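Here is a short report for a reader new to this structure. Look over the sequence and the model, then read on.

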Amino acid sequence: MSSPTSLTSISISSSLCATDISTLFAAVWHHDELADMLLLDLTCFIRRAHLLKDDILQLQPHTEPVTIAPEVIPPSITTFFSQLFNILVGAVDCLWEIVKDLVWTLPSAAEEQADEEASFKIHGHPLGLMARVLYPPVKTCINPECTAWQLGSLLKKEEQQCVVVFTHASGAHPAWSIHLKCQACNTNYHHNYSVKNTTCTYYGGIPSHIQVAEHQFVELELLMQWIDLMQIVVSATNCAHLYEIAQTRSTTECDESWQFLSSLTIKHEGDVFKSPMMGTKMIAIRPQCASALNGSRPIVKKNSPMHAMGACEFSPHLMARCSPPKSLYCLEHQNLKSVCAVEGCGQAVTSDPKTGKLRKACNDPVHVKMEAANTESSRSGKSRTQHNKIAKLDNAMESSMHDLIDEVESIPLQDTDEWYKHEIATGAVHLVQASVTTSMGVSDLAPNEPSNRDNGTPACSGKDAPVKLKAVFRRQCMNNEQLIVRPCGIISGRGTMYHHEAVSNILVEKIFSLPCAQKPQHMIYDSNCNVLHEVESRNVEFFHGMGMCVDAFHHRTKHKASDTFCRERCDMRAYLELLDTNGKFYFNSSIAEQMNMWFGSFHNICREMTPVKYDFFLDEMILHHNHVTITTLHAQGKSPHHPHTSH
C-alpha cells in the first residue's frame, strides 16, 4: 500500500489538501483495524464522506465554522460507514480524524471533471492524449479458427483515428477510436464491430457509445433520450436541434484544432436509431417469420384472447417498396418512365409540343387529357385545402387518404387510386377520387361502384355509363396502417395495407396463424359488420367461434339503426363476457381508436423514409411504447400477463 504505483490510484488533488501522503498512510498504518483497510475502501470513504458534507455540517452547532471540518460526525453517518466497510464505530471516528481535512477540501464532481478536461486539453492534446479513447471490447482475437485465439495472444497492431463523441451531459468531445488488428487472421476489431474480409460482425450487447458515422460516436444515454423523445413524436430534426440548443449552455470549450466539427446533424441522429447495435437488443425478440408476412408484422409472440383493432389512416410511405424518395421509379424500373402511365396502355410516352418536356402519357388524346386533369388537381386551391386537412389527424379513423399532402415535391404523391371518367359523347375527362379507402374486409370497388351486400344485384347496365380509366401519374403511397391492440393498450401487431386489402385475410388471419399465437375470442373493429359479412360469405374457417363486434362508440353513433345484420350480430352487449356486473362494458373497446391518435402522429416523420427504415422505425416505436405501457401497469398494481389457456 505504500508503493508509488498504488498511491497514484487516489484521485485527490494534493494542492487542495493539508494532509500529505506520508502523514495520511502513517496515521492509517498505526491503527490496528485501519491498517488492514484496502486502498479502494479508503478512497471510497473519502468520496462518500464528501458527498455527505452538507449533512455533516447541518447537525453541527451554529458557531461551528463552515470552512473547517468538524471534529465529530453525526451518529447516523458513523453507523452508515461502519456497516458499509464492516469496521467498528470507533474505527470510523479515528478514520474521520485522519482524513477530515482532505474530505472538506475535496473538489466537487463538476469541478473535478472541468479540471480533468482542462488538463488533457492543455497538456494531453499536444502529446496525442485524450480523456476519451474508444478501444474494442476484446483484447485477444475471438475468431475460433485463428491460431492467435488458440494461443490467447494479445492484439498489438493498432490504428487510431480522430473522432467526436457526443455525450448526454457535457456536449461534444474530441476522442480517439482505436482499431486492433489480428495479424494471424487479418480481423480488424473496432469499438462496435469486427471486420474480416468483407463481413462486418457486431459484438453482443449494446456498448456505451454507438458509432453513427466514420468519425462520430453517440453516448448510449443520449441515444435513449432521443428514443424517448420520439415516443412523444419529436422528429430526428428536432432532436438534433434540441441537442444543439442545450449545448449552448455548456461550459465545455470545443477544441478548434480538432479535425472534425462538434455539431450534430439529423443524419447522425437518424443513423444512431437504426444502428445494428440497437437491434441486438430489440430485433432479436421478434419471430423470424415476420419478414414473410407481406406487410403484416407481429409485435409479440403470444397474444391475449381479446383484441381491439383499428385502422390508422395515414399515408406517409411509398406504396412500391422499391420507390426511392422524390422519384417515381427506382433504378430497376427506370424503363417504365418511357411507358404510358395509364393502366393497360403500353404505348411510349410523348413530349409536350409547347414545353418540350416528356409527358407521362402517350399521344392518345384521352390519356393526354387524363394527365392534364391530374396536374390541374394538384394545383387547384380546393385540392390543397382538402389535402391539408388530413395533416391534423383529428380523427384518424374517419379521414380519407386523398386529403393528404405535405408540400409540393418534385414528383407529387398519389395518396389514393385515381380514376378518370371519360364521357364518350362530349370527349370530356374528369378525375374522380375514391371516397372510401379504409380496409374493411370487402372487395375493392371502383369509385361509385355499388356493393352487392344489400340486394345482391349488380349495378344497372342499361344506361350509358362513362368509361372508367385508371392511371399512375404520381408516386403512390400505401393505403393505411392497421394496428391490433389489446384492451390494456399493448399493441400486438401492425399491418401495412398497400391497397384496399381485406383486414380479415391480410392482417388478422396471418398474424394469429403464427406459431405460439393464440386466436382471439373477440375481435372489435369499427366496421366489423362488413368484415363479418365477407367472412361468412367466403366461409373462412379461421373466424369460426370468434366474436366480431363493432366498438361501442361506432355502433351507437356511426351505424344505421335500420341495419338489422349489424344490430343483431355485431352488438357488444350480446356477449355477456364483455359486460361487468353493472351491465357496463368491461373493456375499453375504443383503445385502438385512441392508439391511432398517437400512432398517426408519426406520419410526417415517416413520410419520406425508405421502406426498411420505415418498418424498423415504426416497429421500434411500438416496442418502446409497449415497454412503457407494461411498466405503467405494474406501477398501478396491475399484472399484465398472458392468460392461461387449456389445450
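## Ground rules and overview

Helices and strands are DSSP runs numbered from the N terminus; a helix is H or I with at least four residues, and a strand is E with at least two. This is a predicted model, in which local features need pLDDT of at least 70 and side-chain atom pairs count only at pLDDT 80 or more, while totals for chains, interfaces and linings use all residues. Residues are numbered from 1 along each chain as its sequence is written, and side-chain values use heavy atoms, with hydrogens and water left out.

The chain holds 21 helices and 19 strands. Of its 647 residues, 46% are buried. Buried means under 20% relative accessible area, exposed means over 50%, and partly exposed lies in between (1.4 Å probe, protein chains only). A contact means heavy atoms within 4.5 Å. Among contacts with a separation of 6 or more, 66% come from residues 24 or more positions apart.

## Aromatic pairs

A pair of aromatic rings is described by the distance of the centres and the angle of the planes. Rings of Phe, Tyr and Trp (its six-membered ring) pair if their centres lie within 6.5 Å; planes under 30 degrees apart count as stacked, over 60 as edge-to-face and the rest as tilted. By this rule there are 15 aromatic pairs. One of them joins Phe 166 and Tyr 243, edge-to-face, at 6.1 Å centre to centre and 75° between the planes. Phe 166 sits in strand β2 (residues 157-166) and Tyr 243 in helix α10 (residues 236-247), so the pair ties together parts that are 77 residues apart in sequence. Phe 166 is buried, with a relative accessible area of 0%. Tyr 243 is buried too, at 4%.

Phe 542 and Phe 543 also form an edge-to-face pair, with 5.1 Å centre to centre and 85° between the planes. Both Phe 542 and Phe 543 are buried. Elsewhere, ring pairs link Phe 45, Phe 80, Phe 81 and Phe 85 into a cluster.

## Charges over rings

A charge sits over a ring if NZ of Lys or CZ of Arg is within 6 Å of the ring centre and within 35 degrees of the ring normal. Lys 53 lies over the face of Trp 104, 5.1 Å from the ring centre. Lys 519 lies over the face of Phe 542, at 5.4 Å.

Ser 513 is in the loop between α15 (503-511) and β18 (522-524). With 47% relative accessibility, Ser 513 is partly exposed.

## Two crossing helices

How do α9 and α21 lie to each other, parallel or perpendicular? Their axes come within 10 Å and cross at roughly 90°. Axes here are lines fitted to C-alpha atoms, for helices over the stretch in contact, and angles run from 0 to 180 degrees between N-to-C directions. Angles under 35 degrees count as roughly parallel, over 145 as roughly antiparallel, 65 to 115 as roughly perpendicular and the rest as oblique. α9 and α21 are therefore roughly perpendicular.

Met 224, Ile 227, Met 230 and Gln 231 in α9 meet Phe 617, Met 621, His 624 and His 625 in α21. These residues divide into five nonpolar, three polar and no charged. Ala, Val, Leu, Ile, Met, Phe, Trp, Tyr, Cys and Pro count as nonpolar, Asp, Glu, Lys and Arg as charged, and the others, Gly among them, as polar.

## Loop residues

Asn 86 has a positive phi of about 55°, though it is not a glycine. Asn 86 is in the loop between α5 (75-85) and α6 (89-105). Asn 86 is exposed, at 69% relative accessibility. Asn 186 also has a positive phi without being a glycine, near 60°. Asn 186 is in the loop between β3 (172-181) and β4 (188-189), and is partly exposed at 49%.

Val 349 is in the loop between β10 (306-312) and α13 (365-379). Val 349 is buried, with a relative accessible area of 13%. The C-alpha atoms of Val 349 and Arg 359 are separated by 6.0 Å, ten residues apart along the chain. Leaving out residues up to four places away in sequence, Val 349 touches residues including Lys 337, Cys 340, Leu 358, Arg 359 and Cys 362.
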